Amino acid sequence: MAVRDLLDRACIAGVGATPQGQWPEYSADDLAIWAFREALKDSGLRKAAIDGVFVQPSFGGQGDLKTLGHRLGMEPRVAANVDFHGQALQFATLLVHQGLCNYVACMYATNQRTNRNRFASTAYHLGGNFDDVYGLSNPGSVAAFNYRRRMHDFGATEEQLGAIAVAQARAASLNPLAVYRSPLTIEDYLNARYVIAPLRLMDFCMISDGGFCVIVTTPERARDLPKTPVFISGLGSQACFLELEHPDAMYHPPQRPNASMLWENCDYAPEDIEALYVQDAYTPNVLAALENYGFCEFGTAHEWVQGGRIELGGELPVNVHGGQNRMTYMLGWQNTHDAVLQLRHEAMEPARQLPDPEVIMATYSTGLWQETWSYIFRR
Amino acid sequence: MAEYAKPLPVVNDLNRPHWEGARDGRFMVQRCLGCGHLALPPMPNCSGCLETSMEWVASSGRGVVFSWIEYHQGWLPGYRDETPYNVAIVELEEGLRVVSNLVGLPHDQIAIGMPVEVWFDEVTPQVTIPRFRPRV
């Protein structure tokens with residue numbers, strides 16, 4: 001079997017989302033159930049039809065099959081905790097393609113804003129407390145080291161980076177699901193405080209509560225369901241645990257081999273992509289994705305994103321849901337959700353609906369840039 | 001002198017040679033006896049060949065600034081009160097990249113590629129932390 005054999009063999013039959021933001025009256029498990037119910041409604045499926053369940057536990061322990069399982073009241077053939085959304089989608093694709101499952105529900109929920117998760121953990125997974133000794137305590141450091149290096153290597157400026165936050169704020173202002181919908185100018189961006197220079201406040205993801213669910217099935221089964229299926233028409237994945245030992249440690253090492261796997265095994269090229277979603281725990285992630293997946297030349301993305309190119313109506317709209325600084329911080333789950341809405345012409349607000357999109361790409365990567373996934377979604 | 005309020009090394013059997021070396025004025029790194037791969041922080045096995053036989057060797061302590069950042073918000077005790085402070089990745093002459101702090105120059109003079117050398121910061125009578133300063 002080859003990667004190509006997986007193309008168009010799985011599709012998304014339904015998506016569900018809770019409102020995002022701060023929901024102190026709901027636990028992560030409550031939010032997961034909520035999102036799951038929404039996805040069932042969207043797909044037209046009954047709970048009993050779901051024979052595969054993937055759950056991504058939230059930081060802090062809830063939303064885990066150990067606690068969530070008995071509340072689901074199900075007897076799925078496959079049930080597992082996974083670490084990332086990209087992984088859940090990959091496993092679900094394989095399961096339905098191979099016939100091990102018919103309908104796989106993938107879900108993630110968290111109430112980390114209510115729980116005041118701080119993420120003041122190590123930046124690199126250094127043994128002992130070598131990170132702490134030197135004051136390296138925030139995972140955003142990796143993107144900050146990257147952008148400083150980009151400034152040196154390619155003459156990037158701090159103002160150029162701000163184009164991403166500004167574009168995403170404009171998109172978020174149109175998204176009813178976005179937590180922060182106020183506009184942001186480049187002056188606002190530059191006037192905001194540094195958190196870890198050269199990165200400022202608007203370069204960092206927020207912390208938010210919420211839940212998402214995606215239901216994956218085969219095209220044959222999706223045909224009998226009410227919603228237009230969204231096909232998985234390309235996929236790539238790659239991990240890299242070399243951290244600082246990798247020669248390209250500053251430029252998201254696993255993304256380039258991931259891109260090769262994606263493009264060599266699908267019928268699309270970067271110029272076919274009508275919108276891109278990037279898991280942007282930190283804004284420099286957008287630049288890395290644009291270069292590594294071949295949307296622009298290596299070392300030029302900070303220039304490429306200027307002038308509205310990545311905004312709605314631009315050459316390649318990026319994160320038209322508003323990104324993790326403005327929409328919600330849901331570890332990439334919001335990317336698949338919004339891509340599906342866009343492809344089904346259900347973007348909620350006419351102003352944010354992409355004009356009749358057919359092919360959208362989404363990428364997922366961890367804040368420390370160790371694991372990556374990429375998908376082409378097609379209507 | 002004010003008490004050192006920042007995190008101190010948690011010394012264990014695996015990393016003890018590094019911190020004891022620092023007290024003796026040597027920047028010790030771990031080397032795999034199987035393939036010569038260097039590591040710091042030390043690991044229970046070589047991440048190159050997975051061998052578990054390792055030795056400790058003194059690095060030249062010389063290198064260049066590979067990248068650096070400036071924390072304007074502090075999360076850790078001691079550091080919290082000293083923002084903005086820098087954290088740097090130093091690429092040693094031996095090729096290994098290590099995380100540290102740069103001392104002895106204002107931040108606006110820090111540059112990627114700048115030659116630096118280890119400087120042993122005696123933060124308490126018992127503990128010395130290697131940091132890096134400009135090399136002339």
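1. Start with A:Glu38 and A:Lys41: their side chains meet in a salt bridge, 3.2 Å from N to O (a salt bridge being a side-chain nitrogen of Lys or Arg within 4 Å of a carboxyl oxygen of Asp or Glu). Both residues sit in helix H1 (residues 28-43) of chain A, three residues apart, or about one turn of the helix. A:Glu38 is partly exposed at 26% relative accessibility, while A:Lys41 is exposed at 61% (buried is under 20% relative accessible area, exposed over 50%, partly exposed in between, with a 1.4 Å probe and protein chains only).

2. A quick word on the basis: this is a predicted model, where local features need pLDDT of at least 70 and side-chain atom pairs count only at pLDDT 80 or more, while totals for chains, interfaces and linings use all residues. Residues are numbered from 1 along each chain as its sequence is written, chains are lettered from A in the order in which they are written, and side-chain values use heavy atoms, with hydrogens and water left out.

3. Now look at A:Glu291 and A:Arg150, a salt bridge with its closest N and O atoms 2.7 Å apart. A:Glu291 belongs to helix H10 (residues 284-292) of chain A and A:Arg150 to helix H5 of chain A, so the pair ties together parts 141 residues apart in sequence (helices are DSSP runs of H or I, at least four residues; strands are runs of E, at least two; both are numbered from the N terminus). Both ends are buried: A:Glu291 at 7% relative accessibility and A:Arg150 at 0%.

4. Over in chain B, B:Glu117 forms a salt bridge with B:Arg133, the closest N and O atoms being 3.1 Å apart. Here strand S7 (residues 115-122) holds B:Glu117 and strand S8 (residues 128-134) holds B:Arg133, so the link spans 16 residues in sequence. B:Glu117 is partly exposed at 24%, and B:Arg133 is partly exposed at 34%.

5. The whole structure has 25 salt bridges over all chains, yet the count between chain A and chain B is zero. The contact itself takes 30 residues from chain A and 37 residues from chain B (contact means heavy atoms within 4.5 Å).

6. About 3100 Å² is buried between chain A and chain B, with carbon and sulfur atoms giving 64% of that (the accessible area, 1.4 Å probe, that two parts lose on being put together, summed over both). A:Phe130, A:Tyr134 and A:Phe145 supply 26% of the area that chain A buries against chain B, more than any other three residues.
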